[in-house]
Amino acid sequence: MSWILPEGASLGFEGLAAPLRIVRGLGGGTQGQVYEVDLEGERLALKWYLPACIARDGGLERRLVASIRATAPNEDFLWPIALLRASPASRPLIRIRDESFGYLMPLRPPAYVGACEHAAGRLAIGLRQVMRACFGLADAFHALHLAGLCYKDVSLGNLFLEPASGGILICDNDNVAVDGADHGAVLGTPGFMAPEVLLGQARPGADSDLFSLAVLLFRLLTRHDPLKGQMELAIRCLDEPARRRLCGEDPVFIFDPVDDRNRPDPIEHAAALITWPIYPRPLQALFEQTFCRGMKQPSRRALTGQWKQELARSLDRRSLCPACGQENFQASGAPALCWSCGAPLPEPITLRLPHGSVVAAPDNELHPHHFDALAGEDLRRPLARVVAHPQDPRRLGLRNLSSAAWSAETHDGRVQAVQPGESCSLAALARIQSPAGPIAVQRPIRPSPIA
Amino acid sequence: MPFPDVKLANRPLHFLYLCDCSGSMAASGKMQALNQAIRQSLPGMAAVARDNPEARVLVRAVRFADHAVWHIETPTPVDQLEWRDLQAGGITAMGEALKLVAAALQTPPMEVRALPPVLVLISDGQPTDDFAAGLEALLRVPWAQKAVRLAIALGHDADLEVLQRFIGTEPATAGRSPRRPLQASNATSLAQYIQWASTAVVGAASMPASRVSETPLEPAAGNIPLPDLPPTVLDPTDDVGPLVW
Ligand SMILES: Nc1ncnc2c1ncn2[C@@H]1O[C@H](COP(=O)(O)OP(=O)(O)O)[C@@H](O)[C@H]1O
Ligand SMILES: [Mg+2]
C-alpha cells in the first residue's frame, strides 16, 4: 500500500492545537485511507479522502460537519469527531498534489473484527453472540432513524463484531444524512441495496436502510444471502447485469412462502437451509415482511423497533439442549425438538416478569425493559443473569446485577436477601421481589408419570 | 455453543496473467521489475481474497516468447501461490498466448458457474505471430467475452493498438477509468498497476463495492465497473516517477 500520509511523522492540522502523529496505515478502500493516529497520547483513527472521492461527492464536507455537530446516535458508531485539513506547514508532507481533507473518529479496539470474518465462517462465535450483534445493529439503526438520519450504505464491510460479547461497531459514517433532505453521492452496495435504489427509481433513505438492514441481519443469522437460491444457480457469470436482475428486476426471497421460484439448493445453499429453522417464527415473519411485501413496497418493511423487539424476545427464549448443549430459540408451549441433534427439548423453567418472560438458561439476562413497559429494549444494563453452579452446571441460580438488594422467597415461605453481586439458587425459589419489580419462577407442569 | 459450521456459498474467480517474456524484456531490468511487482502484489491480493468470502480467487499465468506456455497451469488459490521468476528470451508469440487462454476458458475445464474472470496482459513490444487469429479465438469463448480484460504496456515500444484491441474499445464513462492500456514507464508505476489489478479489480469482480451516483448502475458494455486507478502517490524525495523504459 502506498500511504498518502507519512507513517511516523507528526503533522499539523488547522483547528487542532497539538500535532497529530501518524502511527501507521490501517487500510485503504475505494474512498480513502484510514490511519491510526496519536493525539496527545490518545489513539484515534483518521480517514483521509482521495481527491477523486471528494470531487465526486460535493456534499461530503457539509455532511461531515453536520454529523460532527449532531454527535453519534449511540456509542456503537465510529462517529466523526473532527474534520481535518493540513496546516500550510504540513501540506508538502502529504503525498498527493490535490487539496484533500479527512476526519478523526474513535479507533476500533483490537477485539473487534470485520463482520465478513463471520460470513466466511472463520470466526469462533456463538448463536447468542450473533443474535446480540443483530440486536445491537437494529438498536443502532433505531437510534439513527429516530434522530431523523439515514445511513445509506449498510453492508458487511462497514460492520465490526466482537465475537466474545456480540458487541458491534459501525464504521464509514460519512454518508449519513438527514433522511430525504440530501442528495449525497452514495447509492449503497449491490447485494444490500433496496431494489428501487438499484434500479435508479429512488434515492437511498431510511426506507431503503430498512431493506439493507434486513439483508445484513439475514446474512449474520444464516451466513447466506436472502436472494441467492435457484435463480442464482441459473446464472453462469455473476456479473453486474446478472446482479441487477437477481437483486433489482426480479428479486425473490429464498423463503418466500408463496413464490417458490428461488428456493435454496440443498447442496449449494446448505447454510440457509440449516440455519433458517433455528429462528423462531415471529423473527422469520419479519424477514418475510421485508423481503416479500416490502420488496416492492418500501413502507411495508419491518421497522427497527420491530427487529429490536423480536430479537430481544428470541434471546429471552434461548434454552440449551440437554442432549447436545446447542442453543435453541423455540417458542414456549409447543413441544419442540433441538434443531441440531433432534432430541426433544423439555419445557424449561421460566422467569415471569411484568413485561415478558425469560427462560432460565445460563447467560440469559433480565433487563429494565422486562419490568418497565415504557423502557425500550436495551441489553446494555442487565439487572440479573442466570448462572450455572460452578460444580454442577445443571443447578441454576440468578445473580443480582443491580445495585439494590432483592428479597427471595422459597416455596416453603422462607425469605432471604440477595445482595448486589450475589446469586440465589433457582431450585427452591418461588419468587423474588426486586426494586425493579417482581420475578416469579414458573416450573413446567410435569406430565403425570405413567401408571 | 458455536454457530453452526456452515459456509457461505462461493464462486471461483479466475485471474490470469499473460506475460511477455521476449528478449526485449531482459533490457533495463523489465523482467525483474515484473517478477518483483507480481511477487509483491500477492499479499495484498490474498487479503482481498480473504475479505471476499463469496469468491474463491484462483491464479494462473502464461508466459510467451518463442512460444506460449503455462507458467502456472493449475488454478492456484492466492495464499498458496509461489511466484517463480520468469526468464526473458525469444520473440513475442502473443497470439499463441491468447489461444492457450482461450482453450483454458472453455467449459470444461471452466466451471459452469463463476465470477467474471480477470485477464491481465503485460507486454513491451509487438506480437511476432498471428495476433488477430489469437484474439479471434479468445473472443469466441463466452467466458473471455465476460472477462475483465486489462493490458499493461511496458515502456514506449509496446504496441498500444494491439493492447487496445485485447481490452476492447468502449466509450469512457464520466468519472471512471478510461478503458485504455495502462502505460508503465518505470518499476514503480508497473508495481502500482499490478497491485491495482490484483486487488481493486479482483475486489470489484468478486464482490460489489459501494456505488456512487456517478457510477453508471448499468454499465454500457463492461460487465464490471472498474475501480479508480491508484492516485498517483508522489514520493516527496523522488517527485514524479522517472521515465526509465
Ligand atoms: N475507526 C477505525 N478504526 C480502525 N480501522 C478502521 C476504522 N475505520 C476504518 N477502518 C479500516 O480501514 C480500512 C478502510 O476503511 P473504509 O472506511 O471502509 O474505506 P472505504 O470506505 O474507502 O472502503 C478498512 O480495512 C477498515 O477496517
Ligand atoms: Mg468502506
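**Exercise 1. In what order do the three strands of the open sheet in chain A run, and is their pairing parallel or antiparallel?**

A word on the ground rules before the solution. This is a predicted model, where local features need pLDDT of at least 70, side-chain atom pairs count only at pLDDT 80 or more, and totals for chains, interfaces and linings use all residues. Residues are numbered from 1 along each chain as its sequence is written, chains are lettered from A and ligands numbered from 1 in the order in which they are written, and side-chain values use heavy atoms, with hydrogens and water left out.

Solution. 
- Step 1: read off the order, which is β7-β9-β10 (chain A), with antiparallel pairing. Strands here (E, at least two residues) and helices (H or I, at least four) are DSSP runs numbered from the N terminus, and two strands pair if DSSP finds at least two bridges between them.
- Step 2: find the edges. These are β7 (113–114) and β10 (167–170) of chain A, each pairing on one side only.
- Step 3: check one pairing. β9 (residues 159–162) of chain A is held to β10(A) by four bridges and runs antiparallel to it, with Phe160(A) opposite Leu169(A).

**Exercise 2. Work out how β17 and β18 of chain A are connected.**

Solution. 
- Step 1: count the bridges. There are four between β17 (residues 350–353) and β18 (residues 356–359) of chain A, and the strands are antiparallel.
- Step 2: pick a pair, say Thr350(A), whose bridge partner in β18(A) is Val359(A).
- Step 3: look at the link. Two residues sit between the strands, and the pair forms a hairpin.

**Exercise 3. Describe how chain B meets chain A.**

Solution. 
- Step 1: start with contacts (heavy atoms within 4.5 Å). On chain B 48 residues touch 64 residues of chain A.
- Step 2: get the area. About 4600 Å² is buried between the two chains, 55% of it on carbon and sulfur atoms; buried area is the accessible area (1.4 Å probe) that two parts lose on being put together, summed over both.
- Step 3: list the salt bridges (a side-chain nitrogen of Lys or Arg within 4 Å of a carboxyl oxygen of Asp or Glu). The rule finds six across the interface, and Glu232(A) with Arg11(B) makes a salt bridge at 3.0 Å, N to O.

**Exercise 4. Which residues come nearest to ligand 1?**

Solution. 
- Step 1: of the 16 residues around the ligand (a heavy atom within 4 Å), the nearest are Gln31(A), Lys47(A), Pro106(A), Arg108(A) and Asp172(A).
- Step 2: check the backbone. An N or O atom there lies 2.9 Å from a ligand nitrogen for Pro106(A) and 3.0 Å from a ligand nitrogen for Arg108(A).
- Step 3: turn to side chains. An N or O atom of the Asp172(A) side chain is 2.8 Å from a ligand oxygen.

Methods. Polar contact = N/O pair within 3.5 Å; in protein donor to acceptor, adjacent residues only side chain to side chain.
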